[in-house]
Amino acid sequence: MTQQFAWVAALKDYRDAAPDLFARLLPHPPEPDDLIAWLDLGKVFARLHRELAAETLDCDRVAALCRELGVVEEGERWDVLADLERGYLRRLDALDLWDIQTARLFALENEEPRRCPPHTKEIVLIGTVDLNRTQKRLLEMIAERVRILVFAPESERERFDAFGCVLPERWADELRIDIPEKAIRAESTAADQATAVLRWMSRLAGCSTPPASDEITIGVPDEEVVPHLEEQMRQCDLKARYGGGTPMNTTSVYRLLEAMARFPEGRRFDDFAALIRHPVFASFCCHDGKRIHNGAPNGETPTNQEPVSCDLLTELDIYRTTFMPLTVPRRDEDWHRKTDERHPHSRHDFNALRVFAATLDDYLDDYLSSPGGETAASPRIRCEGLWNLMKTLFSGSMRKKDRLVREGLGVLEETLRNIQAVPDAVVASVVPTSRSRTSLSSTTMMELVLRQLDSLRIPPENDRESIELLGWLELAMDDSAAIAITGMNEGKISASLSSDMFLPNRIRRHLGLEDNERRHARDAYALSVIMNSRKSRDDGRGVDNGCRADAGCSGNDGFHGGMRDEDRILLVSGRRSSEGNALLPSRLFFACDRETIARRACRFFGDTDADSGADTDGGVMPPVVVFPGSIRPGHANGEAAFVPPELPRPTNPPDSMRVTEFRDYLACPYRYFLKHRLHLESLDDRAEELDALAFGALVHEVLDAFARDENIVGATNADVVSDRLDRELDRIVLARYGPSPRTVVEIQVEQIRYRLRAFARWQAAWTECGNVIIQTEYPFDIPFDVDGTPIRLKGRIDRIDYNPRTETYVVFDYKTSDTGPTPEKVHRAGTPKRWVDLQLPLYREALGFRMPQIVGKTVRLGYVNLPKDIAKTKEESAEWTDEELREAVATARQVVRHVRAGHFEPNPNPPKYADAFAAICLDNQFRLM
């Protein structure tokens, strides 16, 4: 941290002293007050300084090399970097601090290692095939006490230097790595790579003497494969231990800190939702008596309000899906935005959300504000406040001995101490001052901490029964009997650096820094070690250590018996990343003769499914994962059906039904029971835009308001109608979504406006023909006789028109789907035709009861379509005969009989598209076991 701050101080000093030269280096520097961006920049320069110092270089020497290469402009940039480097070192000198890299170089120049005590023990280096110049010079000075061991045959000596490091140029030409074809796999995805490893372990389990868990290692150069491996191994009751540990940025501690850092600045609703969904913060607030249970922050009792419900997640989902808010209202703002009175949540006061938001503000104010109520404070005070807050919030989890929480808090505490350890003089030169004191806002402090935590990890627990998952650099020294390596793709093995802000690959090669060729040589050696160290023969001449490889014995080489050489190793490459991008196999697969290169190229780049599902012997391994479930016997062709949960016995039959319920029952009686009898519904806060239901409801509300305006409803001028619809749309959107709705909502509103203008033209022409709107959003509740026992039939008709010229009534239902459906297509299906929706026929039945005057008159049923293609904005009439309508009413009576009888069997043919109940109904699970 001190290095980063010192580099930022040097950068700002140079910017002020030589702005023209500074612009050559950074033409677009961060904003002056953007501390986080400056510190990120300081990290870049600190890393550059460390890398150069490791090779006994500094910026002056790089500038000189650039001139030697004839790259004048680069040399000028490095002159600026050299000035910056000197400014950085002067900063530390003024504080009596050593730069650790400079200190090492100083020690080497003064040959301090030679003055080590004579009794110093011997130093043994094992497998150190990639040392930097600083390390080599140090070893030179104590050469008499250094012993270097390299795993390689004597014939390969010329590939290594005197320190046992690989010589890149010797590993680039005529490299041969002996990899059995059966050990190579190419799989489509990361999950498929994990499956290939499980199949390989399944085959090892079939050996005469199966290997123990500590005799198997899995390499994971690509971390993308790790979660898939861990999950599949867990399903197979196998323990996995990932040596890389748990990234801090995936822990509960980090996620809470991240949400708290983001929320105060913009009060974004998504950040607020993240805090509510965080189990630690939500649980703490809901169980702190003086905060939540008394109904208001700080123990205040709200007036004229119901007790607070702690079902925050339900309120959160309802509020999000109803209003699509961008930000969280403040204390003095109203949470209860306007909705249509028919909206199912129109009377919801969202009291629990309001109280939670106030509680959140209180906690952040209490722990993160500075003494005296200032908005900024010194980093030391900020660190103390943040640590107190996190300890308080996680006190419950610590008592439960949650290891990741406990160790995550330990990492956080150490990070805060490192920040506090930065000398005040360095901080003062970087952080803005307030009232002559160094000051820092709470959100900036948390962002600073998050940046430091990003690259940190929590090590895994030791467990001898677990199978180790190791990174690439650890595999060459691993002594397990069998090893599988996933992620064998270019960019991982070998990694390549395509660009660098200051050190492109050409400059690196001339400076002797780690470059692509050096990484390739190191990786080629590592794979050679992995392959050759797992051969059962001791000298490659056919001697088998005195026992057969398949005899189940353990030879003198120390490896587990019962395994063939080709079974000891599995190398798996992926074809596509999680984003769907194509991947290349590692170039190390092609360190072989030309014929093998051609064969492997055909294998990797040919049929993408060639390797999927097959074991290395050419057969198909049985699935290693067993999925639990209840299977109904007796299905042919290997088809398995899963039985949904048994429904509770219905109590009293319903005394009323809405007309839309009939469609649900006809589609699936089981789903009907879940939705209308158990009143289950799906809620979440993932919606980023208005769904089809909300989109249509907004259109309906605008059209209803228009139809109720007696001064405009009879207009035959399309522009007049359109203007009224525009104003009504703007009024409703402002009341529901606020003055600054989400951008995607604004776009959808304009899409609605576009459709409404087409409707205005249709409406004006329709009125010109003599049609008059007589009812809109017409509610009804009528008795519907079924076998002498009536049931209440309820509904709401969008619109009823009457034409005095033709004495015709028209019952309309508005439709906003993109396709512009017809009543026939929606209401009837199959061959012969059967009723699947009874909405319009039951509307006609209701009107016959509520409006006796229509008896003997013509009654038309239909839709007013407002589709995406505005050319199709028109009415669609239903051409049903009286006999067909009587059949529809008879179908409705039969549905009522089934509901009364308790017939709620699931539909054996689930809907084409998954709905909210698909998981409960176990649709489309595993058809072939």
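## Strand β13 and its partners

In this predicted model, strands β13 and β14 (residues 569-574) pair in the parallel sense, with three bridges between them. Within this pairing, Ile-485 has Leu-571 of β14 as its bridge partner. Strand β13 also pairs with β4 (residues 216-219); these two strands run parallel and are joined by four bridges.

## Helix α23

Helix α23 spans residues 516-532 and has 17 residues. The distance from its first C-alpha to its last is 24 Å, close to the 24 Å expected at 1.5 Å a residue. Of the 17 residues of α23, 15 are buried, so the helix is largely enclosed by the rest of the structure.

## Confidence of the model

The protein chain has an average pLDDT of 83, and 85% of the residues score at least 70.

Two segments call for separate mention. Over residues 537-559, pLDDT stays under 50, and the model has 37 contacts beyond four places in sequence for this segment. Over residues 612-640, pLDDT likewise stays under 50, and the model has 50 contacts beyond four places in sequence there.

Notes:
Residues are numbered from 1 along each chain as its sequence is written. This is a predicted model: local features need pLDDT of at least 70, side-chain atom pairs count only at pLDDT 80 or more; totals for chains, interfaces and linings use all residues. Side-chain values use heavy atoms; hydrogens and water are left out. pLDDT is the predictor's confidence in each residue, from 0 to 100. Contact means heavy atoms within 4.5 Å. Two strands pair if DSSP finds at least two bridges between them. The expected span of a helix is 1.5 Å times one less than its number of residues. Buried means under 20% relative accessible area, exposed over 50%, partly exposed in between (1.4 Å probe, protein chains only).
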